[in-house]
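Dear colleague,

Please find below the structure that I am handing over to you.

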Amino acid sequence: MVSVEATEGADVRSVLDRVGSRLQALREARGLTLADVSERTGVSSSTLSRLENGQRRASLEVLLPLAQVYRVPLDELVGAPETGDPRVRLRPRRVNGRTVVPLAHQPGMPQAWKIVVPRGHSVPRLKTHEGTEWLYVLTGRMRLIVGERDLVLKAGEVAEFDTRLPHWFGSDGEIEAEILSIFGPQGERVHAGPS
């Protein structure tokens, strides 16, 4: 008969054996090189490489900065076994004056967010990057600039655009907006409703 301790030990070893491949998948899903991650974490590229190919076990002092760079909780970074509680713990944070709540905790793409844009966040700062963004206005009104278009969307309206175009979204200057945002890789589109 196999003891509980032996079974739990095997489970822990199994999780630890998969950490390297999870770290590599997260890095690649975000389009980062080992050098990029090294620069952002202060962990050497050679250490990161050894972690990813299983030649080194991850320590907490290495995993914590990686969790911050990859924007995932530590238990998801290492693929910790489920505890049986299916609830997702939403942890809002402030990003560029907005309240941002991640709605999914799986690594990779697409990423889903609830964003609260305060009324005063109304000065456009256009940016470009790879990907496709889908926005749904839950409450309030938001201003969206994509390329030459300058639009105001109200609750219930949706926009989808290629983020390689100069774009910005924020408040219309009168009321705050709550927005659902889904961001995915280039060429991936979100479909609302049945096909």
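This is a predicted model: local features need pLDDT of at least 70, side-chain atom pairs count only at pLDDT 80 or more; totals for chains, interfaces and linings use all residues.

Residues are numbered from 1 along each chain as its sequence is written, and side-chain values use heavy atoms, with hydrogens and water left out.

**Overall make-up**

The protein chain has five helices and eight strands; these are DSSP runs numbered from the N terminus, with helices being H or I of at least four residues and strands E of at least two. Along the sequence the order is α-α-α-α-α-β-β-β-β-β-β-β-β. Of the 195 residues, 35% are buried, where buried means under 20% relative accessible area, exposed over 50% and partly exposed in between (1.4 Å probe, protein chains only). The accessible surface of the chain is about 11,900 Å², and carbon and sulfur atoms hold 52% of that area. The areas come from the Shrake-Rupley method with a 1.4 Å probe; for residues, only the protein chains shown count as cover.

**The nonpolar cores**

A nonpolar core is taken here as a set of buried Ala, Val, Leu, Ile, Met, Phe, Trp, Tyr and Cys residues joined through side-chain atoms within 4.5 Å. The largest such core has 17 residues, and those touching the most other members are Leu-23, Val-37, Leu-48, Leu-51, Leu-66, Tyr-70 and Leu-77. At least two residues of this core come from each of α1 (4–29), α3 (45–52), α4 (60–70) and α5 (74–78). The most is given by α4, which supplies six residues. Another core, of 15 residues, lies apart from it and includes Trp-113, Ala-159, Phe-161 and Phe-169.

In α4, the buried residues are Val-62, Leu-63, Pro-65, Leu-66, Ala-67, Val-69 and Tyr-70. Beyond its neighbours within four places in sequence, Tyr-70 is in contact with Leu-23, Leu-26, Arg-27, Arg-30, Leu-32, Val-37 and Leu-77; contact means heavy atoms within 4.5 Å. After α4 comes Arg-71, with a positive phi near 55°.

**The strands**

Six of the seven residues of strand β3 (residues 111–117) are buried. Strand β2 (residues 98–102) runs antiparallel to β3 and is joined to it by four bridges, with Val-101 having Lys-114 as its bridge partner in β3. Strand β8 (residues 177–184) also pairs with β3 in the antiparallel sense, over seven bridges, and Trp-113 stands opposite Ser-181 of β8. Two strands count as paired if DSSP finds at least two bridges between them.

Arg-149 belongs to strand β5 (residues 149–154) and counts as exposed because its relative accessibility is 61%.

**The aromatic residues**

The structure holds one aromatic pair. Trp-134 and Tyr-136 are stacked, at 6.3 Å centre to centre and with 10° between the planes. Rings of Phe, Tyr and Trp (its six-membered ring) pair if their centres lie within 6.5 Å, and planes under 30 degrees apart count as stacked, over 60 as edge-to-face and the rest as tilted. Trp-134 is buried, at 10% relative accessibility, whereas Tyr-136 is partly exposed, at 27%.

Finally, Arg-98 lies over the face of Phe-169, at 4.5 Å from the ring centre; such a charge requires NZ of Lys or CZ of Arg within 6 Å of the ring centre and within 35 degrees of the ring normal.

With kind regards
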